Amino acid sequence: YGFNGEMEQSLSVVLEKDGDETNNLFLEFFGVKRLEFKQPDLSLISFWIEVLPGHDLSQVNENYLVRDPEQDRILYFECRDFEVAVG
């Protein structure tokens with residue numbers, strides 16, 4: 001449950017290069033809403049992750065908008081907060 005007492009989702013993304021467990025990028029998103037993830041027709045998933053302040057965007061209700069700016073909503077969601085770690 002989140003701060004307002006509503007159920008909320010979290011999303012974890014771990015990126016690593018071909019089984020190299022020593023150099024990973026960990027992304028953790030909290031309070032995820034309006035999650036869209038579309039697998040491209042070619043089945044090869046490649047995306048940039050852009051995190052924008054939600055208060056700067058007219059139709060975003062959460063603190064952040066996360067999206068892939070290069071493609072049509074391969075990845076898109078709003079979230080309350082996020083953490084990033086390299087390990």
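Here are legends for a handful of close-up views of this predicted model.

Residues are numbered from 1 along each chain as its sequence is written, and side-chain values use heavy atoms, with hydrogens and water left out. Since the model is predicted, local features need pLDDT of at least 70 and side-chain atom pairs count only at pLDDT 80 or more, while totals for chains, interfaces and linings use all residues.

**View 1. Glu-8 pairs up with Arg-80.**
Let's start with one of the four salt bridges in the structure. A salt bridge here is a side-chain nitrogen of Lys or Arg within 4 Å of a carboxyl oxygen of Asp or Glu. The side chains of Glu-8 and Arg-80 make one, at 2.5 Å from N to O. Glu-8 sits in the segment before strand 1 (9-17) and Arg-80 in the loop between strand 5 (75-79) and strand 6 (81-86), so this pair ties together parts that are 72 residues apart in sequence. Strands are DSSP runs (E, at least two residues), numbered from the N terminus. Glu-8 is partly exposed, at 28% relative accessible area; that label covers what falls between buried (under 20%) and exposed (over 50%), using a 1.4 Å probe and protein chains only.

**View 2. Lys-33 reaches Glu-62.**
In this salt bridge, the closest N and O atoms of Lys-33 and Glu-62 are 3.0 Å apart. The pair links distant parts of the chain: Lys-33 belongs to strand 2 (residues 20-37), and Glu-62 to the loop between strand 3 (50-53) and strand 4 (64-67), 29 residues apart.

**View 3. Glu-78 meets Arg-34.**
Here the side chains of Glu-78 and Arg-34 form a salt bridge, 2.4 Å from N to O. Glu-78 is in strand 5 and Arg-34 in strand 2, so the pair ties together parts that are 44 residues apart in sequence. Arg-34 is partly exposed at 43%, whereas Glu-78 is buried at 2% relative accessibility.

**View 4. What surrounds the side chain of Glu-78?**
Stay with Glu-78 and look at its polar contacts (pairs of N or O atoms within 3.5 Å; within protein, one must be able to donate a hydrogen and the other to accept it, and residues adjacent in sequence count only if both atoms are side-chain atoms). A polar atom of its side chain lies 3.1 Å from the backbone nitrogen of Asn-61, and the backbone nitrogen of Glu-62 is 3.2 Å from a polar atom of that side chain. Not counting residues up to four places away in sequence, Glu-78 touches several others, including Gly-31, Val-60 and Tyr-64. Contact means heavy atoms within 4.5 Å.

**View 5. Eight residues build the largest nonpolar core.**
Its members are Val-13, Leu-27, Phe-29, Val-32, Val-66, Leu-75, Phe-77 and Cys-79. Strand 2 and strand 5 are the elements that give two or more residues to this core. A nonpolar core is a set of buried Ala, Val, Leu, Ile, Met, Phe, Trp, Tyr and Cys residues joined through side-chain atoms within 4.5 Å. Zoom in on Phe-29: leaving aside neighbours within four places in sequence, the residues in contact with Phe-29 include Val-13, Val-66, Phe-77 and Cys-79.

How values were computed:
Helices (H or I, at least four residues) and strands (E, at least two) are DSSP runs, numbered from the N terminus.
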